[in-house]
Amino acid sequence: MSFHRGVFNVRLLRLYLLLGLPLIALACSTSGKPGDLAPAAPVVGNLLGETMRDRGLMPLPTRPHPRAKFLRGIKICIDPGHGGDVGPEFERTNYKRGPAGTREAEINLRTSLQLAALLREAGASVLLTRDDDSSVSLAQRAEMANRWKADVFLSVHHNAGPTPEANFSSMWYHGTGSEHPASLDLAREMAGGLSRHVALPNANACGIYSDYLMYKEGFAVLREAHMPGVLAECSFFTNPREEELLRDPDYNARVAWALFDGLCNWAAAGVPSWRASSPMAGRLPIRLIDGMNEGWGSDEPRIREETVRILLNGEEFGAWELHRGELLLALPEDVTLDTVIDIRFENRAKNASITPARPLRECLPGRAVSPASWNAAPRATRPEPTDRPPG
Ligand SMILES: [Zn+2]
């Protein structure tokens with residue numbers, strides 16, 4: 001038995017309530033119709049309430065998140081995992097489906113749309129790699145984030161396990177923490193969000209893992225995205241009780257809130273970045289921006305100087321000096337517009353810079369993209385006219 005979404009939600013729900021049929025029967029009938037978009041189920045009995053009590057969870061706050069303001073202006077690409085996996089072949093192999101037939105793709109989408117709404121309300125810019133049940137390749141997803149120049153990439157997934165008991169959250173970043181420190185910052189805060197607001201019973205603290213543990217080259221979607229990113233495996237849809245919860249939009253909202261809370265806390269510690277100016281007299285001036293929004297000590301950049309590292313084409317480079325957040329880099333003779341420049345540093349709250357490594361031609365202001373001018377002496381500044389004495 002299957003219902004068209006919408007008709008099911010309103011008219012039949014009313015009819016069922018009138019007839020006094022148990023809601024659980026409704027939930028069992030909503031799965032698996034090919035082409036259905038996000039067949040959300042209403043709250044089933046008091047499963048969500050019982051779950052919250054068992055896990056010691058508080059109701060979600062109704063007031064705005066106190067740290068949401070720090071997300072204003074940040075460009076976040078949300079990638080709802082999978083999609084478009086409907087049809088006989090997917091049905092036959094039970095592809096990414098829970099024991100009652102709920103598809104991971106629809107859970108990911110519902111959660112991602114709720115997260116997108118929270119982020120937009122907070123003033124962040126959001127790009128979704130899909131906002132319907134379409135199929136998008138991993139390369140396309142990363143490419144969308146790259147083209148849009150997202151600050152942060154977040155892939156939203158739910159997990160499958162070989163046994164029905166398995167149910168825990170995990171947060172994945174690409175490569176090593178020293179190569180991708182900003183991804184690790186994000187992973188830490190977002191894992192904290194899931195631990196606080198979802199608190200799965202197998203291990204209520206969410207673990208943080210490198211994608212090298214899963215594949216030699218890591219996850220394609222994280223590897224190909226040029227900005228800091230994480231992939232969240234929020235919980236297991238192969239756990240029957242969890243699957244039932246994941247059909248409830250109120251539970252998806254809780255997962256979305258957990259991810260949002262993590263992003264708020266990450267942004268509240270400041271989002272450091274850097275910006276290059278035109279090279280002059282063989283030197284490249286670069287502004288290190290601490291990204292910290294308020295608090296004490298803001299009269300000068302809050303940079304942890306001991307963390308500053310510069311890599312040119314992946315090689316450590318030492319000819320630079322830093323003064324009050326202004327970095328002066330002595331350009332080596334063999335530098336070209338294709339030289340990849342990577343500047344790493346942390347702000348005082350220990351958040352790492354999110355500006356990705358990139359060729360010099362992409363860092364410089366337009367008029368500076370002419371190596372011939374790089375060694376020119378600085379233009380003499382015209383002396384300020386001296387004030388005439390009063391009188
Ligand atoms: Zn997945």
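Two strands are taken to pair if DSSP finds at least two bridges between them. Helices (H or I, at least four residues) and strands (E, at least two) are themselves DSSP runs, numbered from the N terminus. The structure described here is a predicted model, in which local features need pLDDT of at least 70, side-chain atom pairs count only at pLDDT 80 or more, and totals for chains, interfaces and linings use all residues. Residues are numbered from 1 along each chain as its sequence is written.

The secondary structure of the chain comprises eleven helices and 14 strands. Of its 391 residues, 38% count as buried; a residue is buried if 20 or more other C-beta atoms lie within 10 Å of its own, exposed if 12 or fewer, and partly exposed in between, with C-beta atoms placed from the backbone. Two residues are in contact if their C-beta atoms, placed from the backbone, lie within 7 Å. Among the contacts in the chain with a separation of 6 or more, 75% are accounted for by residues 24 or more positions apart.

Strands of a sheet pair through backbone hydrogen bonds, either parallel or antiparallel. Six strands form an open sheet in the order β2-β1-β3-β6-β4-β5, and the pairing is mixed. At its edges stand β2 (125-128) and β5 (207-210), each with a single partner strand, so one side of each is left without a neighbour in the sheet. On average, and with direction ignored, neighbouring strands of this sheet are turned by 25° against each other. Angles such as these run from 0 to 180 degrees between N-to-C directions, and axes are lines fitted to C-alpha atoms, for helices over the stretch in contact.

The pairings can be followed strand by strand. Strand β1 (residues 75-80) runs parallel to β3 and is joined to β3 by five bridges; here Ile76 stands opposite Val152 of β3. On β3 itself, seven of the eight residues are buried, so this strand is largely enclosed by the rest of the structure. Strand β6 (residues 229-236) pairs with β3 in the parallel sense over six bridges, and Glu233 of β6 is the bridge partner of His157. By contrast, strand β4 (residues 170-173) runs antiparallel to β6, with three bridges joining them. Met171 has Ala232 of β6 as its bridge partner.

Helices pack against this sheet. Helix α7 touches β3, β4, β5 and β6, and its direction makes about 25° with that of β6. Helix α6 lies across β1, β2 and β3, running at about 170° to β1. A further helix, α5 (residues 104-121), contains Glu106. This glutamate is buried, with 27 other C-beta atoms within 10 Å.

The residues making the contact include Leu186, Met190 and Leu194 of α7, and Trp257, Leu263 and Trp266 of α10. By class, the contact has eight nonpolar, five polar and five charged residues. In this classification Ala, Val, Leu, Ile, Met, Phe, Trp, Tyr, Cys and Pro count as nonpolar, Asp, Glu, Lys and Arg as charged, and the others, Gly among them, as polar.

A second open sheet has four strands in the order β10-β9-β13-β14, with antiparallel pairing. Its edge strands, β10 (315-316) and β14 (358-359), each pair on one side only. Strand β13 (residues 340-347) pairs with β14 in the antiparallel sense over two bridges, and Val340 stands opposite Pro359 in β14.

Lys149, in the loop between α6 (138-148) and β3 (152-159), has a positive phi of about 55° although it is not a glycine. This lysine is partly exposed, with 13 other C-beta atoms within 10 Å. Ala281, also not a glycine, has a positive phi of about 50° and is placed in the loop between β7 (273-276) and β8 (283-289). With 12 C-beta neighbours inside 10 Å, Ala281 counts as exposed.
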